[in-house]
Amino acid sequence: QSDCTLVTAVSCHDIFDLQTGQSDSSPLAKGTAFAFIKAVQSVNERLVKLSEKQTLLFEVILLGKDCEEQAKSKIFDSAKYYLEIGKFCFCSKEKFERTLQENHVKLFLSSDRDDVHVPAALLCQQADQQVQNQLKVLFSGDLIGLTEDSTEYLKDLGFNDVQIHNFKAAKGRIQEFAMLIGEMRRRFGCEDSPLHTILMTVWGSRDICATALKTLRAWGLDVDEAFCLAGAPCTPILTVLQPHILWDDGLHN
Amino acid sequence: MNKINHQQTANNVETQSVERMKAKDPPTPSKKPKSPKPQNAVTIAVSSRALFNMEFEQQIFEQKGMEEYLKYQLDHETEPFAPGPAFPFIKALESVNEQLRNLYPDSEELFDVVLMTNNHAHAGIRLINSINHHNLFVERFCMTGGNSPIGYLKAYHTNLYLSADSSKVREAIEEGIAAATMFSAEKVTQVSETQLRVAFDGDAVLFSDESERIYKTQGLEKFFEHEKTYENKPLDHGPLKGFLEALGKLQRKFYAKGHRIDCPIRTYLVTARSAASSGSRALKTLRAWGLETDEALFLAGAPKGPMLAKIKPHIFFDDQMFHIEGAAELGTVAAHVPYGIAQKMPPKKTKDI
């Protein structure tokens, strides 16, 4: 595991459906993260195809927070049916943060809006479990386009100073992840890329969006698609886009 | 119309939502007005090549490919594009909006323009710079990086889609979205900056192509007979009926405030039907739909170019390239609606419907 590895942590609750009752022998049913992991695998495959000694790759760690012993063995067994996961980490709720840091996790993905201190993003439910042939990563233009001068419109929307301060901090945290994604994206051409990046600005003006595009470019990431909604509802657009990863730090709740 | 109850909002101090914004005083002149909700507005989606002149860049794309094209866009990022064929139309929409806002400050029944482009976001900054340079009110855009715009058109409740790419326009029409293909023109007449003028062909644009089929397959005499027999039976609707309807709704808002004669929106029917015979069914159909155009011009087969040159519309919709070309020759911005029988049959040498 080098500095370049894009270590992503996913909760076992998202990979497998742990709720429904299972007979002892059958593997666990697939969860939200399944489509994401498949898409990540195809990105890695393509990266390795380009260069065998590739170090810039995704690594997915499966995290189990407060899992029962029975569940742990079920998870181990089921994983081998479906996926190649790099690592399994089972820990208690208290040690969760530490586990993330010890494993150099660059992004923690969850279908819940968990409160963690490493960069975290929302793992999106795919409309159908059919695997897409592209890993789609969506960044919020409202966050990335955030500058000292542009906080007015967030205040107008009803966000207080503490929240705005948190958004600024989030913008700082996502940089490393965005830079790695940018580098990965550059390995592929404009068309036929297994990795697809999207910028979505929900409330900010077109100038906020332009700032976000320039910021990402400075970080080495040229997004494929860009949307500026100027306050239009984002659900219809997201339904068409179907991103796997949505990074907006809770701004668009 | 949404009336805002300031007293009520002031009591809901705890709510932390977008509603808070409405409680503030109306925006000061320097602040841009908020974009209307898509379902309330008349949404016009326009592609980058329809809005701007990107012919040179398009050539690079066609001859040298995507990478070269994007590199060129990047290198010329600070150079704004010149206006494209849809530009005057879009500018006129903004003028109508200003006048609507004066009369109805709280209403969201306005035009809303969305830039709907297939372009990669790499070209995004140049497009935003161009929008800023020309001071256009385009706040919403979708740069789909090569993906189909159809899903997004629907998400925005698009009332009209204008693009230079005929295959996308055809796709939109098949999905029930009013759409037309735009072409760059050599010569474009100066049009009004304060009154929006929209001209429509009748058959296969406002109406279905049912009568045009008869003309094309059975000839002019049969067509006249048929139209006379079914004079009182409304024609079926065509792809742009909904857009005329949307324009009519906005027109009535001006009428309600006493602006009938000088209404900032004016619509025209420009049809090859003849006033003496087949034209009657067209008018009766519009009436049956509760719609009207300000002027109806029955050319009885005469070329449309000269009449349009007199009207000076911002845009003219027709299903036949023959008419589009005739209009463009005399300086009218004409958009092609790729719908109906005319797309499958070559134009007749004699009078066309």
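# Contacts between chains and between domains

Visitor: How many residues make up the contact between chain A and chain B?

Guide: The contact takes 34 residues from chain A and 38 residues from chain B. The model is a predicted one.

Visitor: What makes these residues part of a contact?

Guide: The cut-off for contact is heavy atoms within 4.5 Å. The 34 residues of chain A and 38 residues of chain B are therefore those with a heavy atom within 4.5 Å of the other chain.

Visitor: Why is an area called buried between chain A and chain B, and how much of it is there?

Guide: The area is called buried because it is accessible area that the two parts lose on being put together, summed over both. For chain A and chain B that comes to about 3000 Å², with 55% given by carbon and sulfur atoms. On the side of chain A, the three residues that supply more than any other three are Asp156(A), Cys190(A) and Arg206(A), with 25% of the area that chain A buries against chain B.

Visitor: Why is the meeting of Glu77(B) and Arg217(A) called a salt bridge?

Guide: A side-chain nitrogen of Lys or Arg has to be within 4 Å of a carboxyl oxygen of Asp or Glu. Between Arg217(A) and Glu77(B) the N to O distance is 2.8 Å, so the pair meets the rule. Across the interface of chain A and chain B the rule finds two salt bridges. The count of residue pairs in polar contact between these chains is 14.

Visitor: Which elements of chain A give two or more residues to the side that touches chain B?

Guide: They are helix 8 (206-218), strand 10 (225-228) and helix 9 (235-241) of chain A. Helix 8 of chain A has the largest share, seven residues. By class, the side of chain A that touches chain B divides into 18 nonpolar, seven polar and nine charged residues.

Visitor: How do you know that strand 10 of chain A pairs with strand 5 of chain B?

Guide: At least two bridges between two strands are needed for a pair. Strand 10 of chain A and strand 5 (residues 140-143) of chain B have three bridges, so they pair, and the sense is antiparallel. Within this pairing, Cys228(A) stands opposite Phe141(B).

Visitor: Into which domains is chain A divided?

Guide: Chain A has domain 1 (6-121) and domain 2 (135-247). Their C-alpha centres are 24 Å apart. Contact between them involves 22 residues of domain 1 of chain A and 18 residues of domain 2 of chain A. The two domains bury about 1800 Å² between them, 77% of it on carbon and sulfur atoms. Leu6(A), Arg46(A) and Leu56(A) supply 29% of the area that domain 1 of chain A buries against domain 2 of chain A, more than any other three residues.

Visitor: What makes Lys106(A) and Glu176(A) a salt bridge?

Guide: The cut-off is within 4 Å. The N to O distance of Lys106(A) and Glu176(A) is 4.0 Å, so the pair is counted. Between the two domains of chain A the count is two salt bridges and one residue pair in polar contact. Helix 2 (33-50), strand 6 (107-110) and strand 7 (120-123) of chain A each give two or more residues to the side of domain 1 that touches domain 2. Helix 2 of chain A gives the most, nine residues. That side of domain 1 of chain A has 17 nonpolar, three polar and two charged residues.

Visitor: Into which domains is chain B divided?

Guide: Chain B has domain 1 (6-183) and domain 2 (196-337). Each domain of chain B puts 26 residues into the contact with the other. The area buried between them is about 2100 Å², and carbon and sulfur atoms give 78% of it. Phe89(B), Leu103(B) and Tyr104(B) lose the most area on the side of domain 1 of chain B, together 24% of what that side buries.

Visitor: Why is the pair Lys253(B) and Glu109(B) called a salt bridge?

Guide: The N to O distance of Lys253(B) and Glu109(B) is 2.7 Å, and the limit is 4 Å, so the name applies. The count between the two domains of chain B is one salt bridge. Four residue pairs are in polar contact across that interface.

Key. Residues are numbered from 1 along each chain as its sequence is written. Chains are lettered from A and ligands numbered from 1 in the order in which they are written. This is a predicted model: local features need pLDDT of at least 70, side-chain atom pairs count only at pLDDT 80 or more; totals for chains, interfaces and linings use all residues. Side-chain values use heavy atoms; hydrogens and water are left out. Buried area is the accessible area (1.4 Å probe) that two parts lose on being put together, summed over both. A polar contact is a pair of N or O atoms within 3.5 Å; within protein, one must be able to donate a hydrogen and the other to accept it, and residues adjacent in sequence count only if both atoms are side-chain atoms. Helices (H or I, at least four residues) and strands (E, at least two) are DSSP runs, numbered from the N terminus. Ala, Val, Leu, Ile, Met, Phe, Trp, Tyr, Cys and Pro count as nonpolar, Asp, Glu, Lys and Arg as charged, and the others, Gly among them, as polar. Domain bounds come from an automatic or database domain assignment.
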